[in-house]
Amino acid sequence: MAARQRLSGLAEVKERALAAAPALDAWAALGGPSAQRDELKVIAEIKRRSPSKGDLASITDPAALAVQYADGGASVISVLTEERRFNGSLADLDSVRAAVDIPLLRKDFTVDEYQIWEARAHGADLILLIVAALSDAQLQEFSALSRELGMNVLVETHTPEEIERAAAAQARIIGVNVRNLKTLDVDRSLFASLAGNIPAGAVVVAESGVRNADDVAHYAGNGAHAILVGEALVSDATPRERIAEFKAAGAAAMAVSR
Ligand SMILES: O=C(O)c1ccccc1NCC(=O)[C@H](O)[C@H](O)COP(=O)(O)O
């Protein structure tokens with residue numbers, strides 16, 4: 001971020017953000033206030049590599065992958081823009097923005113308002129705020145700035161205390177990441193134990209660890225309105241079909257649990 005800031009100062013990025021086309025409504029795309037809870041929404045991620053798994057996929061054409069995701073029924077596309085650990089970039093976000101007209105999540109580790117302006121300047125509609133990485137004041141301040149810019153916020157949690165903090169920040173889209181970001185361990189059972197703590201009305205997102213339709217059914221049957229999937233999609237030869245399969249598995253599990 002510091003390197004980018006030296007190239008384009010905050011004033012310049014703000015100007016570009018304010019000139020960008022208005023943000024799309026990711027909250028509505030994920031179900032909105034009267035969430036259509038009979039349909040599991042999919043946030044499909046563009047992720048080349050990760051600290052836990054190393055190289056996952058070369059993704060030479062992120063725009064083409066995004067089109068497949070949208071055709072398969074993804075509601076939102078997550079684009080990892082962090083460069084050093086995930087081999088992503090804002091250029092990826094630009095090319096995906098030009099290719100699809102569904103909401104985009106700029107997936108990065110937001111620690112500074114500069115990144116929020118930058119996200120909007122590059123066409124993002126949703127940003128990620130990780131509760132564990134931010135103070136309550138930053139959560140409030142960054143959420144407010146995102147709202148001012150017309151964007152929504154996915155507030156990521158991993159513990160009951162973090163869910164309380166997300167709720168206190170009036171988060172409307174709350175994710176439970178089952179990957180522990182300190183150890184990188186994935187514990188899928190964590191979702192079921194935490195989802196009930198999320199306030200009614202919020203869109204509940206199960207993040208990480210989806211390998212197959214059974215994992216999707218597990219999350220959907222335990223209160224997920226949406227799933228965020230990276231590795232399973234980027235390493236699949238037919239991601240469009242995989243998303244459709246995940247949506248069907250989610251709808252069936254939701255029907256049973258209702
Ligand atoms: O994926 C990682 O190894 C990772 C490590 C440290 C911080 C964040 C990390 N991932 C970000 C994510 O939250 C996932 O990319 C996302 O939930 C999708 O997960 P998956 O479907 O398991 O690829």
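## Strand pairing

Two strands are said to pair if DSSP finds at least two bridges between them. Helices (H or I, at least four residues) and strands (E, at least two) are DSSP runs, numbered from the N terminus. The structure is a predicted model, in which local features need pLDDT of at least 70, side-chain atom pairs count only at pLDDT 80 or more, and totals for chains, interfaces and linings use all residues. Residues are numbered from 1 along each chain as its sequence is written.

Strand 6 (residues 126–130) and strand 7 run parallel and are joined by five bridges; Ile127 has Val153 of strand 7 as its bridge partner. A crossover is right-handed if, with the strands pointing away from the viewer, the path from the first strand over the helix to the second runs clockwise.

Strand 7 is also parallel to strand 8 (residues 173–177), with four bridges joining them, and Leu154 has Ile173 of strand 8 as its bridge partner. The crossover from strand 7 to strand 8 goes through helix 8 (residues 160–168) and is right-handed.

## Burial of strand 7

Strand 7 (residues 152–157) is largely enclosed by the rest of the structure, because six of its six residues are buried (20 or more other C-beta atoms within 10 Å of a residue's own, with C-beta atoms placed from the backbone). Asn152, Leu154 and Glu156 cover one side, and Val153, Val155 and Thr157 the other.

How values were computed. Buried ≥ 20, exposed ≤ 12 C-beta atoms within 10 Å, placed from the backbone.
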